[in-house]
Amino acid sequence: MEADSPASAGAPQPRARGAAGAIGSQLRRIQGKLFTWNILKTIALGQMLSLCICGTAITSQYLAERYKVNTPMLQSFINYCLLFLVYTGMLAFQSGSDNLLDILKRKWWKYVLLGLADVEANYLIVRAYQYTTLTSVQLLDCFGIPVLMALSWFILRARYRVVHFIAVFVCLLGVGTMVGADIVAGREDNSGSDVLIGDVLVLLGASLYAVSNVCEEYIVKKLSRQEFLGMVGLFGTVISGIQLLIVECEDIASIHWDWRVALLFVAFALCMFCLYSFMPLVIKVTSATSVNLGILTADLYSLFFGLFLFGYKFSGLYILSFTVIMVGFILYCSTPTRTAEPAESSVPPVTSIGIDNLGLKLEESGLPETHSAVL
């Protein structure tokens, strides 16, 4: 009896070790899928864009609160002028079909519409703050993400999986947590003069942002980054310049210029220029949707800086919000989207190329023996 007792006690151990090994293998597989080098690179690029947006927000708030300067169109105009000088100038010296004049002859009217959408998207979102609340702007600005996904579905033929919709929901849940943190911290102190007008302006601005981002993804992937930035710089300068003369002449005349105000304008313009210059690079290797999910953290960076610069109150919900948004962003990038082929084509759908999908492709192509062994 005593000889049999150790054997009977040890009988379940191989089965337990096998179950533990299977669980460990599954966890390592999930970790390898969610935390690849390419996905980490995607996160880093997205947060770099968020920091650029954070820089524009901080400089604008300094101008508004410390120096009573509210000239969003002038600030955008300076950015478009920089894009015009750099990228439109580059197109002017290109040869062949990439030359500025050749592009204008073939599709000038398309870029007029794109420039109009980009300029008005920036203007409408900023103008909405005068009418509605911070909470409304933060929540309704997320309306651009489902609009962007719908436009990508029809225009770029992107095909999403269930996990992508879950990831977007998680990111929006993080935004809701951020809004709750604002209310708890007492930042919701503006009731707005006409909430309905402000909410409509936010929805229009978010929709125009989505249109601009989809066009940007198409151009940088099918044509070139220089063409997109050069054309936006050209027509953005013209459109914002005209609108500037109409709506902000008195505001500009009332500015008391000194070196601090000038430095804030320069800092804003540099942040916007970096944002416009780097975003096409990130979109080219990911997608417009993943970029927009990644930059949802921009408001949180502004809040963290505001703790020191503007005396904001801290709430632990800000950390929770940042974590939830990042989880949703990683989840979205972990699974590749598909690009649908035209109906008449017999070629099966292929996976869209991008940093968020590239890591998965490399894993799938680099481990054929593993898949065979599992099968």
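**Notes on the predicted model**

1. Glu-217 and Lys-221 lie four residues apart in helix 9 (residues 195–222), and are therefore separated by about one helical turn; helices here are DSSP runs of H or I with at least four residues, strands are E runs of at least two, and both are numbered from the N terminus. The side chains of these two residues, Glu-217 and Lys-221, meet in a salt bridge with an N to O distance of 3.1 Å, a term that requires a side-chain nitrogen of Lys or Arg within 4 Å of a carboxyl oxygen of Asp or Glu. Glu-217 counts as buried at 8% relative accessibility, whereas Lys-221 is partly exposed at 33%, where buried means under 20% relative accessible area, exposed over 50%, and partly exposed in between (1.4 Å probe, protein chains only).

2. On provenance, this is a predicted model, in which local features need pLDDT of at least 70 and side-chain atom pairs count only at pLDDT 80 or more, while totals for chains, interfaces and linings use all residues. Residues are numbered from 1 along each chain as its sequence is written, and side-chain values use heavy atoms, with hydrogens and water left out.

3. Helix 9 also packs against helix 12 (residues 259–285), at an angle of about 75° and with the axes 9 Å apart. That makes helix 9 roughly perpendicular to helix 12, given that angles of 65 to 115 degrees count as roughly perpendicular, under 35 as roughly parallel, over 145 as roughly antiparallel and the rest as oblique. The axes are lines fitted to C-alpha atoms, for helices over the stretch in contact, and the angles run from 0 to 180 degrees between N-to-C directions. With contact taken as heavy atoms within 4.5 Å, Asn-213, Glu-216, Glu-217, Val-220 and Lys-221 in helix 9 meet Met-279, Pro-280, Ile-283 and Lys-284 in helix 12.

4. How many salt bridges does the rule give? The count comes to four, including one between Arg-106 and Asp-102, whose closest N and O atoms are 2.8 Å apart. Arg-106 and Asp-102 are four residues apart in helix 5 (residues 100–128), which means a separation of about one helical turn; Arg-106 is partly exposed at 44% relative accessibility, and Asp-102 is partly exposed at 26%. Another joins Asp-258 and Arg-260 at 3.8 Å, N to O, with Asp-258 partly exposed at 29% and Arg-260 partly exposed at 39%.

5. Two backbone values deserve a check, since most residues other than glycine have a negative phi. Lys-68 has a positive phi of about 55°; Lys-68 lies in the loop between helix 3 (37–66) and helix 4 (72–92) and is exposed at 66% relative accessibility. Arg-157 has a positive phi near 60°; this residue, Arg-157, is found in the loop between helix 7 (144–154) and strand 1 (158–159) and is partly exposed at 31%.

6. For the chain as a whole, the protein has 17 helices and three strands, and 45% of its 375 residues count as buried. Among contacts with a separation of 6 or more, 84% come from residues 24 or more positions apart. The accessible surface comes to about 19300 Å², of which 68% belongs to carbon and sulfur atoms; accessible areas come from the Shrake-Rupley method with a 1.4 Å probe, and for residues only the protein chains shown count as cover.
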